[in-house]
Amino acid sequence: MSADGMPLLNIADLKVHFPIYRGLLWRKTMGLVKAVDGVSVSVRRGEVLGLVGESGSGKSTLGRAVLGLNRPCGGSISYGGVDLLRLGKREFRPYRSKIQIIFQDPYSSLNPRMTVYDILSEPLRVHERLTRSEHRRRVSEMLDRVGLEEAHMNRYPHEFSGGQRQRIAIARAIIVRPDLIIADEPVSALDVSIQAQILNLLVDLQQSFQLTLIFISHDLAVVRHIADTVAVMYLGKIVESAPADRLYARPLNPYTQALISAVPSVDPATRARRIILKGQIPSPSDPPSGCHFHPRCPHAVDRCAREEPPPAEFAPGHHSACWFSEFPPS
Amino acid sequence: MALLEVEDLKVHFHTRHGVVKAVDGVSFSLNQGDVLGIVGESGSGKSVACLSLLGLVPSPPARVAGRALLNGQDLLGLDGDRLRQIRGRKISVIFQEPMTSLNPYLKIGAQLMEVLTTHERIPAADARSRSEAMLGRVGIPDPGIRMDQYPHQFSGGMRQRVMIAMALLAKPDVLVADEPTTALDVTIQAQILELIRDLQRELGMAVILISHAMGVVAEMSAQILVMYAGRIVERGAPADLFRKPLHPYTRALMDSMPAPTDGGSAAERQGCRERPVAGRRKRLAAIPGTPPDPANLPAGCPFAPRCPYVLDICRKTDPEERPAPENSGRTFRCHVDI
């Protein structure tokens with residue numbers, strides 16, 4: 001877990017806005033959905049960054065922006081010192097094999113008409129020039145690495161269980177030896193007993209290939225398990241980020257506190273006092289003024305509705321965007 | 001006498017690939033005001049068991065056997081008309097998908113009022129005012145306006161509140177909540193669970209809460225049934241299950257969950273397993289393999305192929321349910337004392 005030195009990925013003030021159109025022929029822009037609105041975060045080589053938030057918080061949009069799957073309208077994504085947003089299609093190509101993604105739903109992210117061999121060799125065909133036998137060797141090597149067998153190579157996705165399919169999706173992502181993996185809710189669609197298998201696999205692979213991982217999830221327990229650093233998103237902004245242990249032990253932002261307290265626990269002893277938030281996450285096309293969280297925040301005062309709190313560092317590596325986050329007594 | 005008494009319930013599907021034993025000999029009883037939790041993975045039979053009580057599992061292909069006595073009346077033998085009198089009035093269901101279980105063409109108000117007009121001879125104005133009051137009770141602001149809106153104008157959490165209002169309108173004796181919060185965000189989940197708990201206490205009804213999430217069930221229920229491959233493998237109070245699981249599956253399930261708060265997983269805190277020291281990112285105690293194919297269950301105990309405590313006998317004979325050694329009203333279904 002050596003995670004020091006220069007950041008591999010540095011995202012600064014990233015904005016991804018989607019216009020809302022009205023009308024068919026004379027399309028008028030009616031408004032903007034600010035899915036990601038001024039996010040800055042950096043990930044060091046070999047680090048696991050956990051990105052948590054509820055649906056609509058912009059966590060997936062952020063992950064997709066890094067892959068070039070949507071078009072940010074502001075900010076920068078610097079990968080090893082190169083701003084990916086300034087690259088043309090051709091120049092971006094080499095980075096496509098360096099950055100890979102694992103999707104949530106292993107039922108829809110694998111082409112049902114391709115065999116496992118086709119699925120795994122396609123990225124090799126695109127990114128590397130290999131002979132046929134090398135293809136086969138790499139594919140069977142990778143299958144073994146993710147806990148599948150060589151005999152599975154000629155089967156189709158429907159012949160596998162959800163957990164096995166997710167193993168195929170993971171193999172497809174790492175077969176081109178990427179540096180950075182975006183895992184977008186990779187275990188959310190799986191049963192509890194299978195979830196642990198896939199998490200263990202991801203941890204093993206991350207460590208043996210020294211992968212940098214951005215792990216996107218709504219499940220705080222899963223993120224706590226896998227991440228070195230956790231960033232909490234709310235309505236397109238990062239409201240708090242800190243080393244995982246610290247974030248769960250001493251959350252500073254009221255939203256993070258509520259989120260952690262809302263997780264149901266099996267252990268009656270650790271069952272925290274629940275903070276029940278009122279209302280729901282507002283629409284990102286019409287976010288509240290000031291601090292986006294103020295309408296639901298139990299501590300909100302007038303100032304929160306007027307001024308947006310900037311992220312501030314309260315302890316080394318621990319940032320929170322709230323007027324009332326306090327410096328914890330040491 | 002118990003409010004609901006389910007005895008040896010079996011739901012088998014006869015298919016081309018053999019007999020799928022979705023539910024295979026499930027018994028439980030429910031008293032008035034009880035909250036019973038059922039946990040299990042997908043395919044464990046937890047939903048099918050409860051839906052079959054309401055005649056919501058089409059038969060054929062399903063063959064339902066056993067007894068399910070509600071106030072002494074067997075639900076399993078009833079015809080469609082009789083069942084319709086029970087559904088909604090005596091037993092109500094909240095489904096997982098608030099997006100698909102409301103009719104998109106009908107106003108919320110019409111869907112709510114239908115519950116009352118089906119079961120009671122009641123003037124429309126009364127049905128409307130009672131529906132409106134119930135919408136307000138489940139925490140929907142401006143219920144008068146919301147009555148005249150369509151489902152698409154509601155968010156996921158709000159739709160689930162509508163579903164709850166609809167389920168509770170006729171004041172049922174039993175509420176079946178089938179994964180009521182699975183499709184919802186954590187903060188909304190907390191709201192909905194609190195609402196169900198409040199209403200349960202206020203109306204004194206019995207609740208069967210079905211979920212794959214152990215945490216959700218543990219927080220809500222007084223008694224938990226753990227299901228695996230169509231049968232109940234362990235039953236007990238949540239604190240007991242957590243402190244000392246008796247069935248290897250329950251134990252494995254607890255161990256494989258990452259802990260949301262400090263102190264590591266359940267097993268680590270009990271000192272059953274030493275806490276790994278190398279690196280913070282420890283391995284989870286995953287359960288090997290996958291749940292068995294219900295059309296092709298292994299001989300003996302269905303958990304045997306994945307069980308770390310497996311003995312020879314486990315592969316030959318299916319264990320009977322037996323009481324826990326300390327005699328605390330708990331039972332489990334395993335040859336081994338772990």
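The model is predicted, and local features are given only where pLDDT is at least 70, side-chain atom pairs count only at pLDDT 80 or more, and totals for chains, interfaces and linings use all residues. Residues are numbered from 1 along each chain as its sequence is written, while chains are lettered from A and ligands numbered from 1 in the order in which they are written.

## Chain A as a whole

Chain A holds ten helices and twelve strands, where helices (H or I, at least four residues) and strands (E, at least two) are DSSP runs numbered from the N terminus. The radius of gyration of chain A is 21 Å, close to the 20 Å that the globule rule gives for 330 residues, so chain A is as compact as a globular protein of that length; the radius is taken over C-alpha atoms, and the rule is 2.2 Å times the number of residues to the power 0.38. The C-alpha trace of chain A spans about 70 × 60 × 40 Å along its principal axes.

Of the 330 residues in chain A, 45% are buried; a residue is buried if 20 or more other C-beta atoms lie within 10 Å of its own, exposed if 12 or fewer, and partly exposed in between, with C-beta atoms placed from the backbone. Among the contacts in chain A with a separation of 6 or more, 63% join residues 24 or more positions apart, a contact being two residues whose C-beta atoms, placed from the backbone, lie within 7 Å.

## Strand E1 and its partners

Strands pair if DSSP finds at least two bridges between them. Strand E1 (residues 7-22) of chain A pairs in the antiparallel sense with strand E2 (residues 28-44) of chain A over 13 bridges, and the hairpin of these two strands has five residues between them, with Gly23(A) taking a positive phi near 90°. E1(A) is also joined by five bridges to strand E4 (residues 74-79) of chain A, again antiparallel. Leu9(A) stands opposite Val43(A) in E2(A), and in E4(A) the bridge partner of Leu9(A) is Tyr79(A).

Val16(A) likewise has its place in strand E1 of chain A. Val16(A) and Val36(A) are 20 residues apart in sequence, yet 4.9 Å apart in space, C-alpha to C-alpha. Beyond its neighbours within four places in sequence, Val16(A) is in contact with several residues, including Ala35(A), Thr61(A), Pro72(A) and Cys73(A).

## The open sheet

Eight strands of chain A form an open sheet with mixed pairing, in the order E6-E7-E8-E3-E9-E10-E12-E11. Strand E6 (99-102) and strand E11 (312-315) of chain A stand at the edges, each with a single partner strand, so one side of each is left without a neighbour in the sheet. E11(A) pairs with strand E12 (residues 318-320) of chain A in the antiparallel sense over three bridges, and the bridge partner of Ala312(A) in E12(A) is Ser320(A).

## Contact between the chains

In the interface, 38 residues of chain A are in contact with 39 residues of chain B. The largest share of the side of chain A that touches chain B, eight residues, comes from H6(A). That side of chain A divides into 22 nonpolar, eleven polar and five charged residues; Ala, Val, Leu, Ile, Met, Phe, Trp, Tyr, Cys and Pro count as nonpolar, Asp, Glu, Lys and Arg as charged, and the others, Gly among them, as polar.

## Domains of chain B

Chain B is divided into domain 1 (4-226) and domain 2 (229-332), with bounds that come from an automatic or database domain assignment. Their C-alpha centres lie 28 Å apart, and 22 residues of domain 1 of chain B are in contact with 22 residues of domain 2 of chain B.

## Single residues compared

Asp8(B) lies in strand E1 (residues 4-15) of chain B and has a positive phi of about 50° although it is not a glycine. Asp142(B), in the loop between helix H4 (124-137) and helix H5 (143-146) of chain B, also has a positive phi, near 50°. Most residues other than glycine have a negative phi.

| Residue | C-beta neighbours inside 10 Å | Class |
|---|---|---|
| Val16(A) | 22 neighbours | buried |
| Asp8(B) | 12 neighbours | exposed |
| Asp142(B) | 10 neighbours | exposed |
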